[in-house]
Amino acid sequence: MKPPPRHVAAAQGDEAGRPGEAGRADGRADGRADGRAAGPVVIGLELGATRLRSVVTAGDGSVLASGLRHTGAAKGPDAVVELLLDHAAELTRRHAPSAVGLALPGTVAEATGTCVHATALGWRGVPVRHWLAEELGLPVAVGHEAGAGALAEGLARARRPHHPPVFVSVGTAVGAAVVRPGRADGPGHVVDLGHLRAEAGGGPCACGATGCLETVVSDRGVSRAYHRATGEARVPAAEVRRRAAAGDRAAARVCTRAVESLAAALGPGLAMLAPERLVVGGEWASAGGAHTDALRAALSRRLPFGRTPLVRPARLGRRAGVLGAALLARRRLAAAGPVRAQPPPRGGTTAAG
Ligand SMILES: [Zn+2]
């Protein structure tokens with residue numbers, strides 16, 4: 001995939017810093033002054049197939065602004081890159097951050113910042129960190145959304161350092177990571193689970209295989225399965241889950257299939273690690289108690305007696321991933337040493353490297 005032709009982004013259209021679905025996390029005013037007083041401002045971005053979330057955080061971790069944009073992945077992988085670069089540039093102009101972190105739904109080579117593949121975005125071998133760094137003139141960190149979420153949850157669970165939960169992120173993609181409570185240097189092992197074989201003879205996956213977990217469990221997989229079952233198109237996964245909880249039988253069957261597949265994929269890892277808790281993030285963080293209870297029940301049928309973890313939504317809710325992306329940026333700054341002066345935002349970068 002070639003980098004898209006760049007242009008000078010115009011600060012127009014919907015506001016990069018407009019309140020997202022959750023609005024401001026802490027009710028503080030949007031602005032630079034208080035953030036700078038507390039330390040370097042960083043930006044976190046979480047890119048999914050349907051949404052691009054952003055947060056701007058101050059040095060003390062408080063959220064100065066948050067935003068939400070539609071990704072429009074259907075427009076193609078180049079359009080998604082273009083949107084990402086434009087949005088990051090716009091936020092950089094508005095908030096003058098010292099670094100940017102990006103959480104992605106797919107396999108990421110963190111050392112190089114390359115997205116190895118993210119089927120939901122149509123990305124394969126995309127050097128996204130390099131392109132963002134060229135675009136913004138800033139240090140950039142890139143990681144898997146599950147690792148980012150686990151990083152944020154780990155800091156939110158610093159009081160229980162001896163009980164590391166496992167974090168599973170379910171949304172555009174499916175991934176898992178071992179949380180390391182109180183550790184800012186990152187989660188434990190991070191795995192992209194989306195392309196484990198979940199169903200023999202299952203439907204085709206964008207990766208080229210069939211029956212992948214992502215085709216069954218991801219938001220897109222749930223929405224498509226509901227479409228196949230009912231003929232009703234474009235019902236978001238969150239709505240399918242809501243309908244299932246409200247008694248819609250077709251929705252319930254779709255959700256049960258997803259839960260059983262997820263439990264089957266997680267079972268062996270959980271049997272080995274035996275965590276007290278399984279923390280669910282991604283869009284699933286807001287799925288509701290009926291779905292987390294169903295997941296625990298499905299796990300209990302697969303795990304040895306007494307080894308089934310409690311299943312709980314992420315403390316940070318749906319925002320664990322994007323807040324974790326901001327932490328990736330902060331970790332990158334710490335690794336890079338002293339912060340250099342804020343460079344001017346790009347002008348007509350071609351991202352040709
Ligand atoms: Zn696949």
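Me: Which protein atoms are the donors of the zinc ion?

Reply: Donors are N, O and S atoms within 2.8 Å of the metal (3.2 Å for Na, K and Ca); water is not among the atoms, so sites may look incomplete. Here they are H195 (ND1), C205 (SG), C207 (SG) and C212 (SG), 2.1 to 2.3 Å from the zinc ion. This is a predicted model: local features need pLDDT of at least 70, side-chain atom pairs count only at pLDDT 80 or more, and totals for chains, interfaces and linings use all residues. Residues are numbered from 1 along each chain as its sequence is written, and side-chain values use heavy atoms, with hydrogens and water left out.

Me: What spacing do the donors of the zinc ion follow along the chain?

Reply: The spacing is H-x9-C-x1-C-x4-C. H195 and C207 are 12 residues apart, both in the loop between strand 11 (190-192) and helix 5 (213-217). Helices (H or I, at least four residues) and strands (E, at least two) are DSSP runs, numbered from the N terminus.

Me: What arrangement do the 4 donor atoms make around the zinc ion?

Reply: Ideal angles for four tetrahedral donors are 109.5 degrees. Four donors count as tetrahedral if all angles lie between 85 and 135 degrees. The angles here are 104 to 117°, so the arrangement is tetrahedral.

Me: How does H195 count by relative accessibility?

Reply: Buried means under 20% relative accessible area, exposed over 50%, partly exposed in between (1.4 Å probe, protein chains only). H195 has 24%, so it counts as partly exposed. C207, at 25%, also counts as partly exposed.

Me: What is the strand order in the open sheet of 5 strands?

Reply: Strands of a sheet pair through backbone hydrogen bonds, either parallel or antiparallel. Two strands pair if DSSP finds at least two bridges between them. The order is 3-2-1-4-8, with mixed pairing. Strand 3 (63-70) and strand 8 (140-144) stand at the edges; each has a single partner strand, so one side of each lacks a neighbour in the sheet.

Me: Which strands show the antiparallel sense, and which run parallel?

Reply: Strand 1 (residues 42-47) and strand 2 (residues 51-57) are antiparallel over 6 bridges. V42 stands opposite T57 there. Strand 4 and strand 8 run parallel, joined by 5 bridges. G101 has A141 in strand 8 as its bridge partner.

Me: Is strand 8 mostly covered or mostly open?

Reply: Mostly covered: 5 of its 5 residues are buried. Helix 3 (residues 128-136) lies across strand 4 (99-104) and strand 8.

Definitions and conventions: Tetrahedral: all angles 85-135°; square planar, octahedral: opposite > 155°, others 65-115°. Contact = heavy atoms within 4.5 Å. Axes fitted to C-alpha atoms, helices over the stretch in contact; angles between N-to-C directions.
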